[in-house]
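Subject: Handover of a structure, with notes

Dear colleague,

I am passing on the structure that we discussed, and my notes on it follow below. Please keep the sequence and the model open beside them while you read.

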Amino acid sequence: MKPTHIEHIGIAVKNLDEAISFYENIFGLKCYNIEEVKEQKVKTAFFKVGDSKIELLESTDPDGPIGRFIEKRGEGIHHLAFAVKDIETRLRETEEKGVRLIDHKPRKGAENLNIAFLHPKSTLGVLTEICEDKNS
Ligand code: ZN
C-alpha cells in the first residue's frame with residue numbers, strides 16, 4: 001500500500017469542547033477546524049502535528065459509531081488513518097490481499113478527504129482508514 005504518512009489519528013471523546021481545551025492547554029496545539037459529519041453522526045475537531053493530525057471525535061447520537069464505541073470501550077484511540085495516493089487502486093489491492101473492507105468504495109470524510117475504512121478484524125484489531133486528499 002505504501003502510505004505517504006500518517007494522515008491522522010482519530011480519538012473518541014465524550015465532550016469535544018473539553019477535549020479541545022485539553023489539547024490546546026496541555027499540548028499547546030491549536031484547533032484549526034471543527035466540522036460535523038452528519039452521515040457518521042460525529043462532530044470533529046482537528047489539530048496539526050507536523051505532517052499528521054489529531055482528529056477528535058464526539059458523537060452526535062448515542063447510536064452512531066462513536067457513541068457505540070465509547071459505550072463499549074470508553075474514550076480513547078478509535079482509528080489510525082494513512083494517507084495514500086490513488087485510493088481506489090489501493091483499496092482494490094488491499095482487498096485482493098484478503099483484507100476485509102468496510103468501505104468498498106471511497107466516500108467523503110471530514111476535510112473533504114476521500115476515505116475508506118478497513119475492517120479491524122483484518123487489521124490486527126486496529127480500525128484503519130486510508131484517505132486521499134484530492135486537493136493536494
Ligand atoms: Zn479519520
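Histidine 8 is buried, and glutamate 55 is buried as well; here buried stands for under 20% relative accessible area, exposed for over 50%, and partly exposed for what lies in between, with a 1.4 Å probe and protein chains only. Please note that this is a predicted model, in which local features need pLDDT of at least 70 and side-chain atom pairs count only at pLDDT 80 or more, while totals for chains, interfaces and linings use all residues. Residues are numbered from 1 along each chain as its sequence is written, and side-chain values use heavy atoms, with hydrogens and water left out.

The zinc site

Both of these residues belong to the zinc site, where the ion is coordinated by His8 (NE2), Glu55 (OE), His79 (NE2) and Glu129 (OE) at 2.0 to 2.5 Å. Donors are N, O and S atoms within 2.8 Å of the metal (3.2 Å for Na, K and Ca), and as water is not among the atoms, sites may look incomplete. Along the chain, the zinc donors follow the spacing H-x46-E-x23-H-x49-E. Histidine 8 lies in strand 1 (residues 5-13) and glutamate 55 in strand 4 (residues 52-59), so this pair ties together parts that are 47 residues apart in sequence; helices (H or I, at least four residues) and strands (E, at least two) are DSSP runs, numbered from the N terminus.

The angles among the four donor atoms run from 81 to 172 degrees, and the site is irregular. Four donors count as tetrahedral if all angles lie between 85 and 135 degrees; four count as square planar and six as octahedral if opposite donors are over 155 degrees apart and all others between 65 and 115, and anything else is irregular. Glutamate 129 and histidine 79 are 50 residues apart in sequence, and their C-alpha atoms are 7.0 Å apart in space.

On the surface, Phe22, Ile26 and Phe27 form a nonpolar patch that has about 330 Å² of accessible area together. Patches are made of residues with over 30% relative accessible area and no salt bridge, like charges being joined within 9 Å and nonpolar side chains (Val, Leu, Ile, Met, Phe, Trp, Tyr) within 5 Å; the areas come from the Shrake-Rupley method with a 1.4 Å probe, and for residues only the protein chains shown count as cover. Isoleucine 26 sits in helix 1 (residues 16-27) and is exposed, with a relative accessible area of 55%, whereas phenylalanine 22 at 42% and phenylalanine 27 at 49% count as partly exposed.

Rings of Phe, Tyr and Trp (its six-membered ring) pair if their centres lie within 6.5 Å, and planes under 30 degrees apart count as stacked, over 60 as edge-to-face and the rest as tilted. By this rule there are five aromatic pairs. Phenylalanine 22 and phenylalanine 27 have ring centres 5.6 Å apart and planes at 85 degrees, so this pair is edge-to-face. Tyrosine 23 and phenylalanine 27 form a tilted pair, 5.1 Å centre to centre with 50 degrees between the planes; both lie in helix 1, four residues apart, which is about one turn of the helix. Tyrosine 23 counts as buried, at 13% relative accessibility. Phe22, Tyr23, Phe27 and Phe47 form one aromatic cluster.

Salt bridges

The structure holds eight salt bridges, each being a side-chain nitrogen of Lys or Arg within 4 Å of a carboxyl oxygen of Asp or Glu. One of them joins the side chains of glutamate 7 and lysine 53 at 2.7 Å, N to O, and this pair links distant parts of the chain, with glutamate 7 in strand 1 and lysine 53 in strand 4, 46 residues apart. Glutamate 7 is buried at 8% relative accessible area, and lysine 53 counts as buried at 13%. Glu7, Lys53 and Glu111 are linked in a network of salt bridges.

Lysine 134 takes part in a salt bridge with glutamate 88, where the closest N and O atoms are 3.9 Å apart. Glutamate 88 lies in helix 3 (residues 87-96) and lysine 134 in the segment after strand 8 (128-132), so the pair ties together parts that are 46 residues apart in sequence. Lysine 134 also forms a salt bridge with glutamate 132, at 3.5 Å between the closest N and O atoms.

With kind regards
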